[in-house]
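Visitor: I have a model open and would like to learn how to read its features. Could you walk me through it?

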Amino acid sequence: MLQAMPAVPHTSIKTDADYRRVSLWLEGVPESLDPRPSLPGSADADVVIIGAGFTGLWTAYYLLTARPQTKVMVLEAEIAGFGASGRNGGWCSALFAASKDKVARTSSRDGAIELQRAMFATVDEIGRVIEDEGIDAPFTKGGTLTFSTAPSHVPRIIAELEEERRWGFTHEDFAWLDATEAARRVRVHGGRGALYTPHCAAIDPARLARGLAQVVERKGGQIFEHTRVTAIEDGRVCTDNGEVRAPAVVRATEGYTPLLPGYARDIVPIYSLMIATEPLPSEVWNEIGWNGRETLTDGRNLLIYAQRTADDRIALGGRGAPYHFGSRVADEFDKEPGVFAELERVLKTLWPQTQSARITHSWGGCLGVPRDWYSSVGYDAQSGRGWAGGYVGDGVATTNLAGRTLADLITGVESRITRLPWVNHRSRRWEPEPLRWAGINLGLKLSHSADMAEARTGLPSRRAHMLSWLTGG
């Protein structure tokens, strides 16, 4: 039976200018961001997809590529690329949210390795599509550097490398660079060396999302924006503009999932925030290096992530924003002055050359976290319901693998990717409030306090190990 959900009306009709203020990336999109038409009324389709972010768009793309006559409708409450797809750090990485040990426990050692290999290949698949479809989205496969910028980071990063060796991955996939070798790539203040993997590309995520939406339309898909879904049922989706009936319904809503009836405890929205400098002059880049546009992080517990953008800015993001009671999602949560100030401090500590650089952009958005920190994709042929998500911030590439997998599952194609261990994985639900509010925010505070303790002592903090209860081990 359909569950009613109070509509969340738009307080005003958002325009191109409103959407450009959402992030650096959306500001730079060359075409208009004025919304596409809304769903004009009730309709029928072969597949209806809820959400025009990367998951929904990749699913539509691969469905239409495999079966061009398929009638695919994508329903979006805002505009294509409005959510995490248009706001993230621009890491097209082979990272998967769950550890290999966790994946192996639910499948096998071979299954965990196969999933990681599929993620490696996915980075290249995205580059291929960008080139083949002529999408105007800068894509530079420079890899990722995880720097040690404090004494406590070294044993933690070396342990990560040893773990990859235990899984059979070689120097070609993960390698330790000493301080001199790492500085040849990027000069980071206090850098003691870095773990390098080639399996990542720096991208402009909003240009990819918006370009992908255009390709979907070119292939015959329909995208209806400013169309808010209020309920989901087998074979139909209710919106504020009418219902769409389809034998296959795909939920691709990630951090916005709790807004749907019946899904309040399936995913929690965790906020991640970013800042970006003005374009830096060539003399600054001569000091820093970073000519390969590697994505960059370091060994701290409270995650940071950075890239050199195609127009020569440093864009840096990180966690630390609070989880909001009841899994609430709101525009005002995108701004946390204290987190922005901390990100600027980190930026200017890692690169003292940026002391006088203006911070021209600050923004944020929510990502989706399942209770066991384990992404999943699945399709129930009997009910016709599909889903993908729970990427925990590692979704730029994982969404592509999800889209290909959903296309195969919906069309009944058995393939190597439909047998991967994340397919049809079910995470248990989050605890009711106030337990999840207390637990998640305690986890954030533990990460921050562990970093502060390590800065004082130079030794790894045992507090970080306490986080395993929150992430499912």
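**Aromatic pairs**

Guide: Counted by the ring rule, there are 14 aromatic pairs here. Rings of Phe, Tyr and Trp (its six-membered ring) pair if their centres lie within 6.5 Å; planes under 30 degrees apart are stacked, over 60 edge-to-face, and the rest tilted. One of them, Phe 120 with Phe 174, is tilted, with 6.3 Å between centres and 55° between planes. That pair joins distant parts of the chain, 54 residues apart: Phe 120 sits in helix H5 (residues 109-132), and Phe 174 in the loop between helix H6 (153-166) and strand S7 (175-178). Helices (H or I, at least four residues) and strands (E, at least two) are DSSP runs, numbered from the N terminus.

A word on the ground rules: this is a predicted model, where local features need pLDDT of at least 70 and side-chain atom pairs pLDDT 80 or more, while totals for chains, interfaces and linings use all residues. Residues are numbered from 1 along each chain as its sequence is written, and side-chain values use heavy atoms, with hydrogens and water left out.

Visitor: Are Phe 120 and Phe 174 buried or exposed?

Guide: Buried means under 20% relative accessible area, exposed over 50%, and partly exposed in between (1.4 Å probe, protein chains only). Phe 120 has 6%, so it is buried. Phe 174, with 9%, is buried as well.

Visitor: Where does an Arg lie over the face of a ring?

Guide: The rule is that NZ of Lys or CZ of Arg must be within 6 Å of the ring centre and within 35 degrees of the ring normal. Arg 87 does this over Phe 82, at 4.5 Å from the ring centre. Arg 308 does it over Trp 285, at 3.8 Å.

**Helix H3**

Visitor: What span should the 13 residues of helix H3 have?

Guide: The expected span is 1.5 Å times one less than the number of residues. For H3 (residues 54-66) that gives 18 Å, and the end C-alpha atoms are 18 Å apart, so the two agree.

Visitor: How many residues of H3 are buried?

Guide: Eleven of the 13, so to speak a mostly covered helix. Among them are Trp 58, Tyr 61 and Tyr 62, and ring pairs link these three into a cluster.

Visitor: At what angle do the axes of H3 and helix H8 cross?

Guide: Axes are lines fitted to C-alpha atoms, for helices over the stretch in contact, and angles run from 0 to 180 degrees between N-to-C directions. The axes of H3 and H8 (residues 205-218) come within 9 Å and cross at roughly 35°. Contact means heavy atoms within 4.5 Å. The H3 residues that meet H8 include Leu 57, Tyr 61 and Leu 64, and those on the H8 side include Leu 208, Leu 212 and Val 215.

Visitor: What is Val 215 in contact with?

Guide: Leaving aside neighbours within four places in sequence, Val 215 touches Tyr 61, Glu 133 and Ile 135. Val 215 is buried, at 1% relative accessible area.

**Backbone details**

Visitor: Which residues other than glycine have a positive phi?

Guide: Arg 293 has phi near 55°, and Asp 312 about 70°. Arg 293 lies in the loop between helix H9 (282-288) and strand S16 (295-298) and is buried at 10%. Asp 312, in the loop between strands S17 (304-308) and S18 (314-318), is partly exposed at 27%.

Visitor: Where is a cis peptide bond?

Guide: Look between Glu 433 and Pro 434, where omega is about 5°. Pro 434 is in the loop between helix H11 (395-411) and helix H12 (435-457).
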